[in-house]
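Q: Could you take a close look at one part of this model with me? I would like to understand how the chains meet.
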Number of protein chains: 2
Amino acid sequence: MKAAQTTLQKKIHQSMPLSLAMGYQIVELDDLHIIVEAPLQPNINIHGTAFAGSIYSVGVLSAWALVYHVILKQGLDADLVISRAVIEYLSPVHGTIRCNCRLEIDQMQRFIDELVVSRRSRIEAVVNIGERPDAELLLGLHASLKK
Amino acid sequence: MKAAQTTLQKKIHQSMPLSLAMGYQIVELDDLHIIVEAPLQPNINIHGTAFAGSIYSVGVLSAWALVYHVILKQGLDADLVISRAVIEYLSPVHGTIRCNCRLEIDQMQRFIDELVVSRRSRIEAVVNIGERPDAELLLGLHASLKK
């Protein structure tokens, strides 16, 4: 799993310069769960806490990376995009931005089954930022198989 | 107005390094309207279009900058934060990320009146990204007067 994690992080860093600018790192990755982090300093705002846009972006790149990883593990090749998102900021993030995203096995299986049958599929993911959490992100992701 | 625009952009660049990394620029600013842009290249994603997180972040920094500008124009000094956001991605952004945010005069006046009376106030802002638009962002912003 460590190899998949390293490959995926490298792919994200190489294809998305903002991930590097934010200091995006995949800390843990398994087939239903991911933890990613980004340090405060490159993501700091005018209040000395984490910028709302960075919190959102690191959150997006947790769910996106997890679902992308699952698609690859199935031997599939698909475009995966964000279609819709809702975020609530509950308290300021004073240090590292740490995002936690977990999917249910049934939910993931339905997503993959639909992708194989219809060539398109949709999944919703919840990302918690911080322990309390400090922010909650709900994302809709769309996948479509490449030809 | 051009001086206010330059000062505000400089303040954002200096206090939020990610705004510089994204190439954030204020293109137009008046008391009810702002246009901001960021070039594609530093914000590109794995598909060769603009990263969902960059679209969101540049959008946040349009509404935030406009409302912050209005607060300053009233001679007030307040902390301004994002409390909640909903974004819909309608079509890929193939070039410059261009965000347009306009507030109604009544809405802005109510926001300022409440801030003066209660020391706290809330405003909702809609940001259109691109002409069609390619994405729509609805933001809730909270202001609280500094002591």
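In what sense do S3(A) and strand S3 (residues 78–89) of chain B pair, and over how many bridges?

A: Happy to! This is a predicted model, in which local features need pLDDT of at least 70 and side-chain atom pairs count only at pLDDT 80 or more, while totals for chains, interfaces and linings use all residues. Residues are numbered from 1 along each chain as its sequence is written, chains are lettered from A in the order in which they are written, and side-chain values use heavy atoms, without hydrogens and water.

S3(A) and S3(B) run antiparallel and pair over five bridges; strands are DSSP runs of E with at least two residues, numbered from the N terminus, and two of them pair if DSSP finds at least two bridges between them. Within this pairing, A:Glu88 stands opposite B:Arg84. B:Arg84 also forms a salt bridge with A:Glu88, with the closest N and O atoms 2.6 Å apart (a side-chain nitrogen of Lys or Arg within 4 Å of a carboxyl oxygen of Asp or Glu). Across the interface, the rule finds two salt bridges.

S3(A) gives eleven residues, the largest share of the side of chain A that touches chain B. The contact (heavy atoms within 4.5 Å) takes 35 residues from chain A and 35 residues from chain B. Of the interface residues of chain A, 100% are also interface residues in chain B, so the copies meet through the same surface.

How values were computed: Helix = DSSP H or I, 4+ residues; strand = E, 2+ residues; numbered from the N terminus.
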